Amino acid sequence: MTHTRYAFVKANWHSDIVDQALEGFLELIPAEQVDVFDVPGAFEMPLLARDLAQTGRYAAVACAAFVVDGGIYRHDFVAQAVVDGLMRASMDTGVPVLSVSLTPHQYQETNHHNAIYRAHFVEKGREAAQAALKITQTRASLTRAA
């Protein structure tokens, strides 16, 4: 059975930027085929992604977050843990879990940087939708060939 539903998980930190990934995703996949879920931050995404993938309802799960250096913790550690967790969720469930998790090295909370990253997240959302559609198509062709 080929699924036509997709899950989109987005972290609420920097939601004005992260939400743009959903906008890009919806440019290619109709909103009525996408269930959207919010999580507090990036660290919570892998668990929810795994839970959503395990339901068997989704062809793919896309996850978006913006992990920045807050000066207090190692943001690169958080970002690596998140990406590793998303990959593990995908491998454990057999459902593609796609990452739109960005960790800029030089982010400053200015209008200029925010505009750059908002636009970048739209593009990354489009790329996640393209990947979701392509991997779904490829996996369906494998099933038909078997």
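A: Asp-92 counts as exposed, with 55% relative accessibility; the term exposed applies over 50% relative accessible area, buried under 20% and partly exposed in between, with a 1.4 Å probe and protein chains only. This is a predicted model, in which local features need pLDDT of at least 70 and side-chain atom pairs count only at pLDDT 80 or more, whereas totals for chains, interfaces and linings use all residues. Residues are numbered from 1 along each chain as its sequence is written, and side-chain values use heavy atoms, with hydrogens and water left out.

The side chain of Asp-92 meets that of Arg-88 in a salt bridge, at 3.7 Å from N to O. A salt bridge here is a side-chain nitrogen of Lys or Arg within 4 Å of a carboxyl oxygen of Asp or Glu. Arg-88, at 58% relative accessibility, is likewise exposed. Both residues belong to helix α3 (residues 75-93), where they stand 4 residues apart, about one turn of the helix. Helices (H or I, at least four residues) and strands (E, at least two) are DSSP runs, numbered from the N terminus.

The whole structure contains 9 salt bridges. In one of them, the side chains of Asp-35 and Arg-5 come together at 2.5 Å, N to O. Asp-35 is in strand β2 and Arg-5 in the segment before β1, so this pair ties together parts that are 30 residues apart in sequence. Asp-35 is partly exposed at 23% relative accessibility, as is Arg-5 at 27%. Another salt bridge joins the side chains of Lys-124 and Glu-127, at 2.9 Å from N to O. These two residues lie in helix α4, 3 residues apart, or about one helical turn. Lys-124 is partly exposed, with a relative accessible area of 25%, and Glu-127 is partly exposed at 32% relative accessibility.

β3 and β4 run parallel and are joined by 6 bridges, and Ala-64 has Val-100 as its bridge partner in β4. Contact means heavy atoms within 4.5 Å, and axes are lines fitted to C-alpha atoms, for helices over the stretch in contact, with angles from 0 to 180 degrees between N-to-C directions.

Gln-20 lies in α1 (residues 15-26) and is partly exposed, at 23% relative accessibility. Neighbours within four places in sequence aside, Gln-20 is in contact with Arg-118, Phe-121 and Val-122.

Phe-66 and Phe-121 form one that is edge-to-face, 5.6 Å centre to centre with 90° between the planes. Rings of Phe, Tyr and Trp (its six-membered ring) pair if their centres lie within 6.5 Å; planes under 30 degrees apart count as stacked, over 60 as edge-to-face and the rest as tilted. Phe-66 is buried at 4% relative accessibility, and Phe-121 is buried at 0%. Ring pairs link Phe-66, Tyr-117 and Phe-121 into a cluster.

A nonpolar core is a set of buried Ala, Val, Leu, Ile, Met, Phe, Trp, Tyr and Cys residues joined through side-chain atoms within 4.5 Å. The largest has 23 residues, and those with the most contacts inside it are Tyr-6, Phe-8, Phe-25, Ile-29, Phe-66, Phe-121 and Ala-132. The elements giving two or more residues to this core are β1, α1, β3, β4 and α4. Apart from this core lies another, of 21 residues, among them Ala-49, Ala-53, Cys-63 and Ala-89.

Notes:
Two strands pair if DSSP finds at least two bridges between them.
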